[in-house]
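This report goes through a set of side-chain contacts, a metal site and a helix pair. Please read it alongside the sequence and the model.

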Amino acid sequence: MNLFCWTGNPFVDSGISAIMVYNNRTKPEEITRDDLSNTKELLLNLFLQEQWVKGLNTIFTSNSHVTHASASSREKKKERLEKFLDPLLEISDEDLSGDNCISCGKHKATTLLSRTSLPLIGYENSNYFSHFSFGADYCAMCAFAAQCSPLVTYKVGKFFGIIHSNNPRVLLIWAKKSIDNILRQISIANYDGIYNEKYSNSYNALFHLTNEIILSYEERWKETNTSLRLYLFNNYTQPPKPPDNVVEIHDLPASVFRFLLEVKASSEFSDWQFVVGRAYYKSKKEIEEPYKKLSNTVYQKLMRYESILQNFFSMKNRLTFCKWNLVTIYLKEILDMSTTRINSIKKIADDIAEIIRNHPNGKKRLTQLETAKYYDHFRNVLFRLVKENIVQKADSPLITFDDYVENLFPEGYKGWTETRDLILFRLYETLHQWFKDENLVTEIEEEIEEESNELINENINSEEVQ
Ligand SMILES: [Zn+2]
């Protein structure tokens with residue numbers, strides 16, 4: 001009989017991933033009863049250590065097996081924990097047979113778990129009092145797996161985080177990192193508790209974890225349509241007061257995951273880091289490791305499905321912060337733009353660059369493209385450029401009918417700013433040297449300094465530091 005399978009329950013699946021990695025298993029179905037005994041010994045070591053008990057106090061409440069007031073000594077904690085774990089492991093195959101476990105649906109539910117053994121399960125008067133019944137029906141295996149979930153839990157500010165994904169490889173890569181951290185704690189006999197890298201901003205934590213996972217991955221994941229979900233929760237005995245929410249769910253879309261994978265595999269990774277690095281809110285206060293605490297507009301926009309095109313360049317200073325190639329990856333993976341459309345916009349922008357260089361009205365047209373507030377204005381400037389292209393006796397038209405309706409403005413006025421941003425980006429990139437020669441560009445250092453000051457004025461608010 002298989003003891004385990006992936007369930008979709010974040011606490012159980014993360015526990016399964018911990019058991020698998022700790023016992024060198026590649027599939028949940030490979031987990032043996034000996035593996036469970038081996039993992040139980042790990043719990044009996046870790047969960048009695050002071051820093052771990054502190055974390056468990058929030059994960060399983062102050063009434064759990066090792067945090068209850070009656071378990072004051074280490075011996076008592078061990079005794080109580082064993083008393084709970086042993087019956088789970090001693091259950092026979094026969095007693096497991098059934099299908100009413102609410103987690104796996106493949107075994108008989110024999111244990112009524114409360115939130116002292118599985119976070120966020122309801123109790124009377126609580127928000128999570130599902131089915132108006134106390135506790136939830138779990139089989140012994142899922143109940144044991146849930147006890148192992150703290151092994152791969154990640155601290156984010158005042159919350160505890162669980163990573164879940166539609167791709168089990170993600171869980172295993174994360175579990176490997178977490179278990180390595182635990183083995184390090186054991187080897188130096190310094191138990192610093194639940195994995196904590198001192199991130200307090202949840203989006204920053206999610207992107208950091210995603211990067212860690214991508215870094216560890218060696219094969220191509222593009223085809224897997226992988227998405228990530230970060231559950232952040234706390235499970236205090238007393239319900240927290242707003243705004244101390246007890247659960248937050250942050251989804252990293254598959255398109256963003258694919259984009260990050262592509263960037264990592266390309267030669268644009270350092271440019272991407274530069275773009276992200278510019279997007280942290282600035283603080284007047286001295287903050288240690290600000291990238292763990294300050295909000296980042298690029299991350300925020302990606303999570304809200306908003307465009308980050310304007311983070312790739314500065315219109316004010318006619319500068320780009322990365323190469324067209326990075327923008328192309330973004331357009332393909334996140335905006336789902338076709339290669340034909342991308343290449344068409346690029347070619348038109350390159351032809352416009354030629355006109356700007358060579359025509360007496362070039363600089364004026366550039367400013368008009370930059371300052372067009374409405375679709376009609378922008379279109380009129382393009383038409384003037386089309387005429388100037390004819391005056392310059394170019395071999396081919398600047399914009400064909402097909403370009404116009406299929407590539408520049410496929411949805412009419414909707415999305416015209418996206419096309420404008422792409423044309424401007426490409427103009428700034430292509431004309432960079434010409435801007436310098438014509439004294440049309442401010443040095444990047446001055447620009448960054450100026451924008452920093454603007455951000456300080458605009459964003460000194462509570463959103464900065466969570
Ligand atoms: Zn189960």
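## A buried charged pair

Arginine 365 has a relative accessibility of 6% and therefore counts as buried, where buried means under 20% relative accessible area, exposed over 50% and partly exposed in between (1.4 Å probe, protein chains only). Its partner is glutamate 388: the two side chains meet in a salt bridge at 2.7 Å, N to O. A salt bridge here is a side-chain nitrogen of Lys or Arg within 4 Å of a carboxyl oxygen of Asp or Glu. The pair links distant parts of the chain, with arginine 365 in helix H14 (residues 362-371) and glutamate 388 in helix H15 (residues 375-391), 23 residues apart. Glutamate 388 is also buried, at 7% relative accessibility.

Helices (H or I, at least four residues) and strands (E, at least two) are DSSP runs, numbered from the N terminus.

## Basis of the values

This is a predicted model, in which local features need pLDDT of at least 70 and side-chain atom pairs count only at pLDDT 80 or more, while totals for chains, interfaces and linings use all residues. Residues are numbered from 1 along each chain as its sequence is written, and side-chain values use heavy atoms, with hydrogens and water left out.

## Other salt bridges

Side chains of opposite charge can pair when their charged atoms come close. A search of the whole structure finds 24 salt bridges. One of them joins aspartate 251 and arginine 229, at 2.6 Å from N to O. Aspartate 251 lies in strand E7 (residues 247-252) and arginine 229 in strand E6 (residues 228-233), so this contact ties together parts that are 22 residues apart in sequence. Aspartate 251 is partly exposed at 36% relative accessibility, and arginine 229 is partly exposed at 30%.

Within helix H15, arginine 379 and aspartate 376 are three residues apart, which means a separation of about one helical turn. They form a salt bridge whose closest N and O atoms are 3.5 Å apart. Arginine 379 is partly exposed, with a relative accessible area of 24%, and aspartate 376 is partly exposed at 40%. Elsewhere, Lys40, Glu82 and Asp86 are linked in a network of salt bridges.

## The zinc site

Which residues coordinate the zinc ion? The SG atoms of Cys101, Cys104, Cys139 and Cys142 do so, at 2.3 Å. Donors are N, O and S atoms within 2.8 Å of the metal (3.2 Å for Na, K and Ca); water is not among the atoms, so sites may look incomplete. Along the chain the donors follow the spacing C-x2-C-x34-C-x2-C. Cysteine 101 and cysteine 104 are both buried.

The four donor atoms subtend angles of 105 to 113° around the zinc ion, so the arrangement is tetrahedral; for four donors this requires all angles to lie between 85 and 135 degrees. The ideal angle for four tetrahedral donors is 109.5 degrees.

## A helix pair

Helix H13 (residues 339-358) and helix H16 (residues 401-408) pack at an angle of about 125°, with their axes 10 Å apart. Axes are lines fitted to C-alpha atoms, for helices over the stretch in contact, and angles run from 0 to 180 degrees between N-to-C directions. H13 and H16 are therefore oblique to each other (under 35 degrees counts as roughly parallel, over 145 as roughly antiparallel, 65 to 115 as roughly perpendicular and the rest as oblique).

## A loop residue

Threonine 116 is in the loop between strand E1 (111-113) and strand E2 (136-138). Threonine 116 is buried, with a relative accessible area of 18%. The C-alpha atoms of threonine 116 and histidine 65 are separated by 7.7 Å, and the two residues are 51 residues apart along the chain.

Technical notes. Four donors count as tetrahedral if all angles lie between 85 and 135 degrees; four count as square planar and six as octahedral if opposite donors are over 155 degrees apart and all others between 65 and 115; anything else is irregular.
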